[in-house]
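Work through the exercises below with the sequence and the structure at hand. Try each task before reading its solution.

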Amino acid sequence: MSEPAVEIKDLWFKYLLAEDWTLKNLNLTVERGEFVVLMGPSGCGKSTLMYILTGIIPNMIKGTIKGTVRVLGKDILRLQPQEIVRDIGFVFQNPDSQIIMPSVLEEVIFGLENLGLPPDEIRERAEEIIKYVGLWEKKDLSPWSLSAGERQILAIASVLALRPKVMILDEPTSMLDHRGTKRVLDLLDRLKRDYQMTIVVVEHRIEWASEIADKIVIMDKGEFVAVGKPSEVFSNYELVKRVGVRPPMISEVFYKLIDRGVRVDRIPVTAREAVELIKGRLGGGR
Amino acid sequence: MRKSVKFAKIYLSVVELSGEIGLYYEADSVIHRLDPRVKLAWFVLALAASIATQFDGSVGVFVFISLIVGIVLARLSLARLLITITYSVVFFIVTILVWASFYQNVGRPLFYIGFANLVVTDVGLLVGTGKFFLIVNPITAMLLFFSTVKPYDLVQTFDKLRLPYKAGFTLFLSLRLLPVTFKELKEIIDVQKSRGIEVDSPNPVKRIAYTIPVFVPLIIRIMSITWETAITLMVRGFGAGKRSYMKPLNWSRRDTIALVVLAAFYISIIALKLVGFSTYTYVEGWR
């Protein structure tokens, strides 16, 4: 059996000069092809964890680390940045900071050229990925002429071109409007479906996460307070409320029904599950 | 609207016009089609010729004319040319006045500037214009280089010349930061204005004081952008090893001819200056 995509064991981290540990005794296993959504209030350590998974800590940011982090079986804490980029892709919040080159095509090929790939392979990979994300018509345009959502798609495409096995995304939609957000989330949906890629994403859109995630991880004050399938995590009403994460709207409806004395076998977390449940109760349907 | 604000706005729009990618100006011209290495050589040659002619504007002007011909051939926008000329005129007057004052007693007097109590002599004028071209020519040559070399090719040019490509890239990144900085500056000014801070107050003391609420957030924003850019470079494998290029530079016969013509022109100017040639003969012994 192949090793898990990500394996975190007894991970502790403290920033240089900080008094408190930012991450406290984290343990998590992400299997290959799994789609994990990480949630939690601001300052709970999500971004710090993302930095560790992508090697930014300890390569660019220093601090005290205890424990082990293995990505695809490799000890990420001991790898150099150039060894990490072929396996792990990272996209973060601000699309504007992730634009380096003056045209869409040049942006995508930038990473491939850094890896020293042959020109033909660069051309082939760039064409494939730009077409996949739907920016082929705009390949010669300046990234600054694209919408913010398209720029974030471009940032994702530039990382995807490197063909990483694990994609880490830190709140990729937090600076986008509704339309841009939808485009980015749809792309992540397609990546999961088409490439069975291992994806770890920090995202606060609960309804979307409930639909797509294989695993939900909720963090609070540097610790994992809930790890499991969306149905397992969001059915724990007390926990979800305690850590300040809003449960899916449809689950909230069912919590209220329970409060009013309606007996429900389980709490649905998606609209589809709710429809099935109600249909079963009503005993009807076509 | 006051003139300074108006000019600042025009300047910002010119920066925006530059395609938000530093100074590069997209056009289909004979200069654009030249290999970037020729254009880099052009810059170095023009710089050397400007140094050689720094005491003689009557020769330095030919270097300047050659660069203006380059700008015209490159079909650079009128706005860009105007910015260069506007700065040049102001700088020209100041340089001439300063250098002419040092050489009042040398050469033949040409005219007298009453308000400055200054006698401008032919030698003063020659040195003044020479010093003016010493500064303006390299700036114009640099403008021509960065306006016609794609940022993509800039890194490759350094790499091909066996110069550290990271240095070339740093140069490119700093140019890229220019329009981003202006964009942030505009946003911060708008935000601070909406909070009632008179950024363009007619009172100069107030204006100086109001630079603080503009520049402090600007510096913080730039530091944040720089940090995020550094992360992006890391996750895209920058510096991972030997780079390859999808569109490698291609040296053609046209480039060889251009290089030979440019080298012949500028080396002739340098050689002529070294043997003491000038297009102007002045009479010694005045006063």
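**Exercise 1.** Find how many residues of chain A are in contact with chain B, and describe that side of chain A by element and by class.

*Solution.* The model is predicted. Step one is to take the pairs across the two chains whose C-beta atoms lie within 7 Å. In this model, 33 residues of chain A are in contact with 23 residues of chain B. Two or more residues each come from α3 (81-84), β6 (88-91), α4 (104-114), α5 (119-133) and α6 of chain A. The largest share, six residues, belongs to α4(A). Step three is to sort by class: this side of chain A has 19 nonpolar, 11 polar and three charged residues.

**Exercise 2.** Which residues touch the most other members of the largest nonpolar core?

*Solution.* The core has 93 residues, and Leu53(A) and Ala157(A) touch the most other members. Helix α6 (residues 148-160) of chain A gives the largest share of this core, seven residues. Next, list the contacts of Ala157(A), leaving aside neighbours within four places in sequence: they are Val108(A), Ile129(A), Ile130(A), Val133(A) and Leu135(A). A second, separate core has 46 residues, including Leu34(B), Val63(B), Leu126(B) and Phe158(B).

**Exercise 3.** In what order do the four strands of the open sheet in chain A lie?

*Solution.* The order is β2-β1-β4-β5, with antiparallel pairing. At the edges are β2 (23-30) and β5 (74-75) of chain A, each of which pairs on one side only. Now look at β1 (residues 6-15) and β4 (residues 63-71) of chain A: eight bridges join these antiparallel strands. Val6(A) has Val71(A) in β4(A) as its bridge partner.

Terms used
Residues are numbered from 1 along each chain as its sequence is written. Chains are lettered from A and ligands numbered from 1 in the order in which they are written. This is a predicted model: local features need pLDDT of at least 70, side-chain atom pairs count only at pLDDT 80 or more; totals for chains, interfaces and linings use all residues. A nonpolar core is a set of buried Ala, Val, Leu, Ile, Met, Phe, Trp, Tyr and Cys residues joined through C-beta atoms within 7 Å. A residue is buried if 20 or more other C-beta atoms lie within 10 Å of its own, exposed if 12 or fewer, and partly exposed in between; C-beta atoms are placed from the backbone. Ala, Val, Leu, Ile, Met, Phe, Trp, Tyr, Cys and Pro count as nonpolar, Asp, Glu, Lys and Arg as charged, and the others, Gly among them, as polar. Two strands pair if DSSP finds at least two bridges between them.
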